[in-house]
Amino acid sequence: MTQDSTRKHELLDMVIVGAGFSGLYMLHKARGLGLRARVFEAGTGVGGTWYWNRYPGARVDIESHEYSYSFSPELEDEWTWSERYAAQPELLRYLNHVADRFDLRRNIDLNTRVTSAVFDETASRWTVLTDKGDHVSARYCIMATGCLSAPKQVDVPGASSFKGETYSTAKWPTTPVDFRHKRVGIVGTGSSAVQTITQIAPEVGELVIFQRTPSFSVPAHNGPADPEVLRKWRENREANREAERNSAVGTLLIEATEQLAMSTSHEDRRRIFEDKWSKGGFAIGGSFADLLLVKEANDTVVDFVADKVRSVVKDPATAEKLIPRTYPLGSKRMCVDTGYFEVFNRDNVSLVDISTSPIEAVTPTGIKTKDGHHDLDVIIFALGFDAMTGALGKIDIRGRDGESLKEKWEGGPRTYLGLMVAGFPNMFLVTGPGSPSVLSNMVVSIEQHVNWISDCIAAMGERQQHVIEATAQAEEGWVAHVNEAANMSLYPQANSWYIGANVPGKPRVFMPYVAGVGVYRQVCADIAAKGYEGFALSSV
Ligand code: NAP
């Protein structure tokens, strides 16, 4: 047998799907447990989100030093971020550095897409097939597939008829795009669009922004990383990391508070909002404890943000169009920007409100709305993702009795802790639906899941157990709890991707767990301490 054909029929302890933040760390931990593990990654490089999302202006929305691994003090010591909010090329360099530093590449197959994963009940192993002809058998299958990795289909009528250049933020070319002197249209105003818009507006001939729903966007106050901030962070790094892990959303930028907006005077509220606004990023979302629980409390921060928009955007009519009015602040992930609203004061930028003048069709020469035709040379689609379940839905995953995960989740995703699915033994999800995941600093949540999975596998090994599965009853209870928690908040009031509202036909189920990273971590730890309560464990 050649080495290649050996690989194609490999017998493994663990298959990991995806080589982003989750897959890389999972591989490192698996090695530490002495497991034979292999990662399959569809991209031609490692990096996951930061490999694919290379559109102009792409950068992280959590401060760089917090949006990084904490598992290795040496790694933390040797890496210094250049900006407060790192841009995509630096994040990709970081993840490549991690792959090299921990010698991970020898167990990663790039340019290889997993097509199916089927549980073989007789052997209690997963059979995993890829588009490169791999046929491997593994005890454990780890879905490190990412929450925002399946771009939404372009659902704008006539899109393929356009004769100019077309781009999608989530599948940006690796070579630079020259926008100079061109008439560029961008459809969408979520985070990807906001970052693209601010980056390309000074460069393009003309920019037409097609907005269906305005976003809450807060200033990042980005700039070179402050050496003093980094020095203080390093001085107390262990304590800071621990505080992140036990916080609500996994970042210290959002400080814990019990103060209620509704019990605070108008003047004091404005002072507190102003202070958070000046800190930048998501800080404002944590101004008061009741912002995401009480509509009237949320209205106070919406009013504050509306005034900020009005103070920047010179044309009053444009400013009013840019102020979100149909959902509470924070119930969709806020955008973190560098000069977004300022863009609308430029002579070469115009806003088309497609909520009142809908797109009728993309034509060979531009975009036709109810009110007229916009001639364009370039169209950029920034339409978002089939979030949290989309990437898993692309793989034919079958558990006991050949049950398909896609069919099981037809009415919405069902998991126990966002980690496992009843009927799919030994398959773990990293930051799956039912866990805080996208409501948090992803790296903090990823590390917590990967550590929990590794500890679980190690504990099973000690007890000579090889099969773990969420019970149907535990799953039922967790799904009900996740729903109940969401319904106590204002989150379900938005037509967000958190609830699947952005993808036509997707069931509307609130997917992430809203109780917070710290609370969730404790729940997971308690369950493990009770001998993995809610899971069935066996030796075969
Ligand atoms: P998104 O937030 O889902 O935004 C998609 C945009 O496209 C929305 O404005 C949406 O309008 C619009 N849209 C979708 N389909 C449309 C259609 N058929 N016609 C017209 N407009 C349409 O997607 P995203 O901007 O890619 O961001 C997704 C998530 O990725 C973010 O929330 C964030 O968590 C993450 N992200 C983070 C960063 C960062 O700063 N680090 C950057 C990019 C992305 P409606 O709102 O009306 O549906």
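Biologist: Okay, which residue forms a salt bridge with Lys506?
Modeller: Asp386 does, and the closest N and O atoms are 2.6 Å apart. Keep in mind that this is a predicted model.
Biologist: Where do Lys506 and Asp386 lie?
Modeller: Lys506 is in the loop between helix H15 (472–487) and helix H16 (517–529), while Asp386 is in the loop between strand S16 (378–381) and helix H12 (390–393), so the pair ties together parts that are 120 residues apart in sequence.
Biologist: And is Lys506 buried or exposed?
Modeller: Lys506 is buried, with a relative accessible area of 14%. Asp386 is partly exposed, at 23% relative accessibility.
Biologist: Why would side chains pair up like that?
Modeller: Side chains of opposite charge can pair when their charged atoms come close.
Biologist: How many salt bridges does a search of the whole structure find?
Modeller: It finds 39 salt bridges. One of them joins the side chains of Lys408 and Glu475, at 2.8 Å from N to O. Lys408 lies in helix H13 and Glu475 in helix H15, so this pair links parts that are 67 residues apart in sequence.
Biologist: Are those two buried or exposed?
Modeller: Lys408 counts as buried at 18% relative accessibility, and Glu475 is buried too, at 3%.
Biologist: What about Arg106, buried or exposed?
Modeller: Arg106 is exposed, with a relative accessible area of 53%. Its salt bridge is with Asp103, and the closest N and O atoms there are 2.7 Å apart. Asp103 is partly exposed, at 41%.
Biologist: Which residues are linked in a network of salt bridges?
Modeller: Glu76, Asp77, Arg237, Arg241 and Glu244 are linked that way.
Biologist: Switching to the ligand: which residues come nearest?
Modeller: Of the 25 residues around the ligand, Lys152, Asp155, Ser192, Arg212 and Thr213 come nearest. The shell divides into 10 nonpolar, 8 polar and 7 charged residues. Helix H6 (residues 191–200) gives the largest share, 3 residues.
Biologist: How far is an oxygen atom of the ligand from the side chain of Ser192?
Modeller: It is 2.6 Å from an N or O atom in that side chain. For the Gln195 side chain, a ligand oxygen is 3.0 Å from an N or O atom.
Biologist: How much of the ligand's accessible area does the protein cover?
Modeller: The protein covers 88% of the 910 Å² that the ligand has on its own.
Biologist: Last topic, the backbone: what is the phi of Asn426?
Modeller: Asn426 has a positive phi of about 60°, although it is not a glycine. Asn426 lies in the loop between helix H13 (405–408) and strand S18 (427–429), and counts as buried at 0% relative accessibility. Thr431 also has a positive phi, about 55°, without being a glycine. Thr431 lies in the loop between S18 and H14.

Technical notes: Residues are numbered from 1 along each chain as its sequence is written. This is a predicted model: local features need pLDDT of at least 70, side-chain atom pairs count only at pLDDT 80 or more; totals for chains, interfaces and linings use all residues. Side-chain values use heavy atoms; hydrogens and water are left out. A residue is near a molecule or strand if one of its heavy atoms lies within 4 Å of it. A polar contact is a pair of N or O atoms within 3.5 Å; within protein, one must be able to donate a hydrogen and the other to accept it, and residues adjacent in sequence count only if both atoms are side-chain atoms. Accessible areas come from the Shrake-Rupley method with a 1.4 Å probe; for residues, only the protein chains shown count as cover. Helices (H or I, at least four residues) and strands (E, at least two) are DSSP runs, numbered from the N terminus. Ala, Val, Leu, Ile, Met, Phe, Trp, Tyr, Cys and Pro count as nonpolar, Asp, Glu, Lys and Arg as charged, and the others, Gly among them, as polar. Buried means under 20% relative accessible area, exposed over 50%, partly exposed in between (1.4 Å probe, protein chains only). A salt bridge is a side-chain nitrogen of Lys or Arg within 4 Å of a carboxyl oxygen of Asp or Glu.
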